[in-house]
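Here is a walk through one predicted model.

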Amino acid sequence: MRIHSRELLYVPNLLTYLRIFLIPLIYIYLLEKKWALAAGLGVIAMLSDILDGIIARRRQENSDLGKILDPLTDKLAIAVFALYAVWQAGFPLWAASLIIGRDVIILLAGIMFSRRTREIPVSNFLGKITALCWGILLLVYVVDWQAWKIPFLVLSV
């Protein structure tokens, strides 16, 4: 794996940097109960996550840096918001531990794989669906949709 300096400024990577920057801001706005700001920034973060892949393919700006940063940013966001949901929204600690533990195992397996093969594993469709399910589940807890908590918890697990 070799990261070239020009990759740092690829548009998809810039979108990933934006998401990294937005994570603590969204968290702070959630703590301050500034729901509209948190939701607006959350939408921007989600759109940038979708767009970075589309742009990377169209502009042929796939990079090793992006292969590392994009899923790492997704895992960081899910972990931060899972902890927020535990502390502020009654999300079960065991479920947050499962979510974070799964992501840690995936990261460690990816590191072992890349050391053996010198390749960076990429996310697959099932991983993206799983992250989407976790995100919806956390949202259900944060907005306190009582009727959907158990069904989405069961579905996500």
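In this predicted model, Lys-149 is buried, because its relative accessible area of 9% falls under 20%. Lys-149 lies in helix H6, which covers residues 146-156. Leaving aside residues up to four places away in sequence, Lys-149 touches Ala-89, Leu-137, Val-140, Tyr-141 and Asp-144. With Asp-144, Lys-149 also forms a salt bridge, and the closest N and O atoms are 2.7 Å apart. Asp-144 is partly exposed, at a relative accessible area of 41%.

The count of salt bridges comes to 10. One of them joins Asp-52 to Arg-19, with 3.0 Å between the closest N and O atoms. This pair links distant parts of the chain, 33 residues apart: Asp-52 belongs to helix H2 (residues 35-58) and Arg-19 to helix H1 (residues 11-31). Asp-52 is buried, with a relative accessible area of 5%, and Arg-19 is buried, also with 5%. A network of salt bridges links Arg-19 and Asp-52 with Asp-49, Asp-70 and Asp-74.

Another salt bridge pairs Glu-61 with Arg-59, the closest N and O atoms being 3.2 Å apart. Here Glu-61 counts as buried at 11% relative accessibility, whereas Arg-59 counts as partly exposed at 49%.

Next come two packed helices. Helix H4 (residues 93-117) and helix H5 (residues 125-142) pack at an angle of about 155°, and their axes are 12 Å apart. The angle makes H4 roughly antiparallel to H5. The crossing of H4 past H5 is left-handed. H4 contributes Leu-98, Ile-99 and Arg-102 to the contact, and H5 contributes Gly-127, Thr-130 and Trp-134. These contact residues divide into three nonpolar, two polar and one charged.

How values were computed:
Residues are numbered from 1 along each chain as its sequence is written. This is a predicted model: local features need pLDDT of at least 70, side-chain atom pairs count only at pLDDT 80 or more; totals for chains, interfaces and linings use all residues. Side-chain values use heavy atoms; hydrogens and water are left out. Helices (H or I, at least four residues) and strands (E, at least two) are DSSP runs, numbered from the N terminus. Buried means under 20% relative accessible area, exposed over 50%, partly exposed in between (1.4 Å probe, protein chains only). Contact means heavy atoms within 4.5 Å. Axes are lines fitted to C-alpha atoms, for helices over the stretch in contact, and angles run from 0 to 180 degrees between N-to-C directions. Angles under 35 degrees count as roughly parallel, over 145 as roughly antiparallel, 65 to 115 as roughly perpendicular and the rest as oblique. A crossing is left-handed if the near helix is turned anticlockwise from the far one by less than a right angle, and right-handed if clockwise. Ala, Val, Leu, Ile, Met, Phe, Trp, Tyr, Cys and Pro count as nonpolar, Asp, Glu, Lys and Arg as charged, and the others, Gly among them, as polar. A salt bridge is a side-chain nitrogen of Lys or Arg within 4 Å of a carboxyl oxygen of Asp or Glu.
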